[in-house]
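Please open the model in your viewer and keep the selection tool at hand. The tour below goes from one stop to the next.

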Amino acid sequence: MKKNKTIQYTCNLCGSIHSKWVGKCDNCESWNTLYEENNNFSSLNDKNSKVIELNSLKQTKSTKKRILTNIREFDQVCGGGLVPGSVILLGGDPGIGKSTLLLQVLAKIVDDKYKCIYVSGEESVQQIKIRSDRIGVSEKTISLFSSTDVGSIIKTVKKNNNIDILAIDSIQTMFLNTLESAPGTISQVRSSAQELIKITKNLDINLILVSHVTKDGQIAGPRVLEHMVDTVLYFEGENSNDYRVLRSIKNRFGPTDEIGIFEMTSLGLHEVINASQIFLPNHGTQINGNAIYAGIEGTRPILLEIQALVASTSHSNPRRSVIGWDNNRLSMILAILEKSCGISLGNKDVYLNVVGGLKIKETAADLAVASAILSSYFAKPLPNKSLIFGELGLSGEVRPIKQMIKRLNEGKKQGFKNAYMPPSNFENKNNIAVNKINKVSQLIEVFNFTRNA
Ligand code: TYD
Ligand code: MG
């Protein structure tokens with residue numbers, strides 16, 4: 001049969017295919033991420049194909065019970081534990097704590113008499129032992145070995161029957177000896193993952209793939225793997241603090257955008273149950289430019305401190321610097337404030353920071369951001385024990401948002417007394433004084449900001 005040999009270039013970050021090498025990927029706009037792939041294909045040969053039996057949806061039994069790790073934050077992010085036979089991708093920056101989390105999760109699972117195999121392509125068995133000593137799980141019956149050869153891993157898994165969970169740390173170190181490219185390249189990562197997923201689906205084993213991610217896309221894999229797995233979890237955090245957030249980006253068996261919060265300690269990761277408290281270090285002290293925002297992350301209400309600093313500058317191009325929020329959204333809020341509140345920010349640098357390293361995605365934070373900016377601009381703190389939430393429209397109107405009662409309830413739990421929020425007609429059963437704000441310009445009167453600041 002005639003074989004067609006083509007060379008194509010695949011983006012390491014998003015997996016899009018290009019016929020020619022270019023410096024910048026057209027699809028994800030990242031630089032220097034295209035790698036050459038040989039693609040030999042021939043037309044379909046259906047000699048070995050067979051007719052597949054149909055299943056009836058009605059008569060198919062639901063899957064077995066979920067496997068609980070009893071690490072509440074982890075189970076919740078997975079949508080209530082691991083679904084037997086499913087594939088999880090655990091991604092995150094190198095050094096963020098993926099291997100530690102994985103070892104802790106496996107240690108909890110084996111407690112419930114499940115059989116786990118931990119394959120490390122990065123660390124020796126001795127090194128894993130040292131880590132397990134440190135986090136206090138060295139007595140657990142986890143089977144481990146160190147290998148990077150997918151063929152050997154699959155043979156080992158087949159030989160040891162009754163395995164419930166296979167964990168691979170990390171997929172970037174794995175290779176298939178049938179491919180010429182080096183480990184870590186997109187074709188190796190994709191093919192290794194494909195082979196591992198195939199065998200674990202056949203044997204009804206849970207597969208956890210650890211994958212390194214870097215923002216500049218210099219490490220191959222994650223985006224390509226996202227399509228192949230059932231659940232994608234990202235472990236995030238800032239190096240400057242010890243809090244780590246596990247976030248579900250995709251979940252075939254549960255809600256997405258669910259988060260779990262952990263604190264990194266010398267003895268491993270600890271769950272953070274009362275998240276609002278850790279993200280409110282200045283709660284109770286009134287500081288110019290600080291606003292407390294009542295957010296919802298997944299299904300969890302969480303109070304966050306938003307800090308703004310508005311400072312004069314002589315530069316013609318003032319700085320807008322944002323950590324933990326969307327840069328474009330900040331520009332929009334500044335424009336709304338200029339137009340609706342008559343303040344001038346053209347000669348001011350504006351810095352915005354979400355305390356604790358969490359990233360806010362909700363537009364519901366608009367009103368809190370606007371309040372923090374106004375508070376810094378007028379050099380007057382916002383009232384004590386006050387929550388703020390609401391979305392802003394372009395003409396400065398405050399729009400209702402989802403789950404307002406849940407946000408108020410969390411505020412009440414944390415001892416807040418006032419809420420500044422969009423107009424709505426629900427029955428307020430909390431003893432929080434609700435201040436309904438129709439237009440962002442009302443904030444100036446409500447917070448008593450004086451214009452000669
Ligand atoms: P590690 O789990 O190896 O990160 P990754 O697998 O994502 O590369 O953790 C990185 C380092 O941080 C390692 O030296 C151990 C340390 N660490 C702690 O000391 N405590 C913790 O709770 C965690 C998660 C990590
Ligand atoms: Mg690791």
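Begin by selecting domain 2 (72–273) and domain 3 (278–446): the second largest cavity lies between them, because both give residues to its lining, with domain bounds taken from an automatic or database domain assignment. This is a predicted model, in which local features need pLDDT of at least 70 and side-chain atom pairs pLDDT 80 or more, while totals for chains, interfaces and linings use all residues. Residues are numbered from 1 along each chain as its sequence is written, ligands are numbered from 1 in the order in which they are written, and side-chain values use heavy atoms, without hydrogens and water.

Next, select Glu236, Gly237, Glu238, Val245, Arg247, Gly357, Leu358 and Lys359, which line that second largest cavity; a cavity is a set of points, on a 1 Å grid over the protein atoms alone, where a 1.4 Å probe fits but cannot get out, and lining residues have an atom within 4 Å of a point. The space inside the second largest cavity is about 50 Å³.

Now move to ligand 1, where Gly95, Ser99, Thr100, Arg131 and Thr265 come nearest among the 14 residues around the ligand, a residue being near if one of its heavy atoms lies within 4 Å. Select arginine 131, and find the polar side-chain atom that lies 2.7 Å from an oxygen atom of ligand 1.

Methods: Polar contact = N/O pair within 3.5 Å; in protein donor to acceptor, adjacent residues only side chain to side chain. 1 Å grid on protein atoms, 1.4 Å probe; cavity = no way out; pocket = protein on both sides within 12 Å on 5 of 7 lines; lining within 4 Å. Points joined across faces, edges and corners; volume = space filled by probe spheres on them.
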